[in-house]
Amino acid sequence: MPITRIAEIPFPRLAAHVLLHVDDPERLSPDLTFAGFGHGVVGPLELAAPRQRSIVLERALVLALHTSEIPPPDASEIELEFELETEDEQLTSVLVPLDGFLAVKLPTLLGCERDVVLALCNPLRLAPARPAVLGERTLHYAWGDVLSWLDRDAWGGEQFRLSADAWHHLGSSREDG
Amino acid sequence: MSLGCAAPKRTHRVRAGPALGNRWPHTVIPISREGRGVGPALGTSWATPPPQLTNRPPALSLHPVFIPNAKDSSLVSPTSTLPRTVLASTVAVALLFGVPGCSDRGTDRWVTTENSAVEIDWDEVAKAYREAEGPEDFETRVNEIYEGDEVISVAVHDQDERTQVVTGFFDQNEDGSVQDGEKVFTMRRDVTGADQAQYQIAGHGPYAGYHSPVWDIAAGMFMGSMLSRVFMPSYMPMYTQPYVTSPSRRGGLVSHRNSYRAANPDKFQRSSKSGRSYGRTGGGFGGGRAAPPRAPRGSGGGRFGIRRTRARAMIRVVE
């Protein structure tokens, strides 16, 4: 049955390794065909970008989303793309404006975390609107491609990492990115 | 507004990697037990040790030379910490015999020089650039390829909309910037047409004199985002302010490389480099080594963009 409303789009809660697609130890480089989406609590999570000091969030709500790799160059808002497969294995892309998606989904996802991270490519470097429902939480979004990594240190510790061209941080009063 | 949760804690912090030691490439280039030099820069060898020579100041030669009385008949760079008399003899031999072939290392895939016993497979470096998703991915791949102890840092600079220069360097002073004496290689990519570009590698420092073939690339070829984005209609140079490997990231690169090497014992646990041929000393190793299998490291995740590779229905939902 085709999806007609944002609320009908499945957006599962997933374990961090699954959510960020770092659950395969055989994988060496990011999987460019990855189309999974969902949400979950991830930590510690490093937001890394060239020419920026990395930020490590101990615990953040991450929304794993996708945009089209090649959006229309004149697009003025971020449009999400959910790749869904029907029962007869037909592929369908559901296109949704980010702002509309957050307005519908975010209120049901928020927990204790003070940071909400959009794991979402943003090739046109557009700025999303900060949903009022975030309250004092900070919304982190990126410019450029967002890639996920799992870093291991020499002592066996793990840290998730999202790399992008730049990270921006929308707090309740100002942007500090 | 309170979140209604217990003990909320602001936990932003800046990541810091472990301190790294600065180690330059080894200075000893081995030769065979028969005293036959196999250093790539020499282009010649001695069947028997050369005659005794007079002392000369050691600072004049930059070339590896044969040490007749040195243990194991090693070829030694005069920059190593050898007794002065040995160095003097070393230099004298170099002055007497000359070192043919040093000035032109050409386009051999495997190259090492007088300062380094660590070779670099330039074809693999070129492939890493072609397949990298970005500077971080590229520097990870390059440090997997490099077999020495040093970390190769990377600087990526878009000089304009057509030209990108990627520099690999040993960040000796860990200041996160490229100094001339630290360069290992530079890679220049130029857009040459609507859907075409080319790139080439040049060696520096220990690898000075190496230059790769010019590789052509075109839109539609398999390549990573670092290269392919230049063909996108929405392309904008990203690194007009250069990306440079941060000193804090070096720790992560070392950690990852250790894991990679541990998972590739055949490639990295050679008991000795002795007897190994470097460069153009007969051509046996000029380009035939297969790329090593890449090992599990568990660090690659996904990209949060959709690349439509299959036909599909499109549905737009707004509320």
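**Exercise 1. Helix α5 of chain B**

Find which residues of α5(B) are buried in this predicted model, and decide where on the helix they lie.

*Solution.* 
Step 1. List the buried residues: Arg249(B), Arg250(B), Gly252(B), Leu253(B), His256(B), Arg257(B) and Tyr260(B).
Step 2. Look at their directions from the helix axis. They cover an arc of only 165° around the axis, and therefore they lie on the same side of α5(B).
Step 3. Identify what this side packs against. The partners of the buried residues are β10 (147-152) of chain A, together with α3 and β6 (152-158) of chain B.
Step 4. α5(B) has 16 residues and spans 24 Å from its first C-alpha to its last, close to the 22 Å expected at 1.5 Å a residue.

**Exercise 2. Helix α2 of chain B**

Repeat the analysis for helix α2 (residues 122-131) of chain B.

*Solution.* 
Step 1. The buried residues here are Trp122(B), Val125(B), Ala128(B) and Tyr129(B).
Step 2. Their arc around the axis is only 110°, so they sit on the same side of α2(B).

**Exercise 3. The nonpolar cores**

Describe the largest nonpolar core and the surroundings of Leu120(A).

*Solution.* 
Step 1. The largest nonpolar core has 49 residues. Those with the most contacts inside it are Leu45(A), Val62(A), Ala64(A), Leu65(A), Ala119(A), Leu120(A) and Val146(A).
Step 2. Strand β4 (residues 60-64) of chain A supplies the largest share of this core, five residues.
Step 3. Leave out residues up to four places away in sequence. Leu120(A) then touches Leu65(A), His66(A), Thr67(A), Tyr141(A), Ala142(A), Val146(A) and, from chain B, Phe304(B).
Step 4. A second, separate core has 36 residues, including Val154(B), Phe169(B), Val178(B) and Val230(B).

**Exercise 4. A sheet in chain B**

In what order do the six strands of the open sheet of chain B run, and which are its edge strands?

*Solution.* 
Step 1. The order is β10-β9-β8-β7-β6-β11, with antiparallel pairing.
Step 2. An edge strand pairs on one side only, and here this applies to β10 (215-218) and β11 (243-244).
Step 3. Take one pair as an example. Strand β9 (residues 196-203) of chain B and β10(B) are joined by four bridges, and Ala197(B) stands opposite Ile217(B).

**Exercise 5. Asp190(B)**

*Solution.* 
Step 1. Locate the residue: Asp190(B) is in strand β8 (residues 183-193) of chain B.
Step 2. List the contacts beyond four places in sequence: Arg162(B), Thr163(B), Ala197(B) and Gln198(B).
Step 3. Compare sequence and space. Gln164(B) is 26 residues away along the chain, yet its C-alpha and that of Asp190(B) are separated by 6.7 Å.

**Exercise 6. Backbone angles in chain A**

Where are His21(A) and Arg125(A), and are they buried or partly exposed?

*Solution.* 
Step 1. His21(A) is not a glycine but has a positive phi of about 65°. His21(A) lies in the loop between α1 (16-19) and β1 of chain A, and counts as buried with 24 C-beta neighbours inside 10 Å.
Step 2. Arg125(A) has a positive phi near 60°. Arg125(A) lies in the loop between β8 (115-119) and β9 (138-143) of chain A, and counts as partly exposed with 15 C-beta neighbours inside 10 Å.
Step 3. Check the peptide bonds too: the one joining Gly43(A) and Pro44(A) is cis, with omega about -10°.

Definitions and conventions: Residues are numbered from 1 along each chain as its sequence is written. Chains are lettered from A and ligands numbered from 1 in the order in which they are written. This is a predicted model: local features need pLDDT of at least 70, side-chain atom pairs count only at pLDDT 80 or more; totals for chains, interfaces and linings use all residues. A nonpolar core is a set of buried Ala, Val, Leu, Ile, Met, Phe, Trp, Tyr and Cys residues joined through C-beta atoms within 7 Å. A residue is buried if 20 or more other C-beta atoms lie within 10 Å of its own, exposed if 12 or fewer, and partly exposed in between; C-beta atoms are placed from the backbone. Helices (H or I, at least four residues) and strands (E, at least two) are DSSP runs, numbered from the N terminus. Two residues are in contact if their C-beta atoms, placed from the backbone, lie within 7 Å. The expected span of a helix is 1.5 Å times one less than its number of residues. The arc is that of the directions from the helix axis to the C-beta atoms. Two strands pair if DSSP finds at least two bridges between them.
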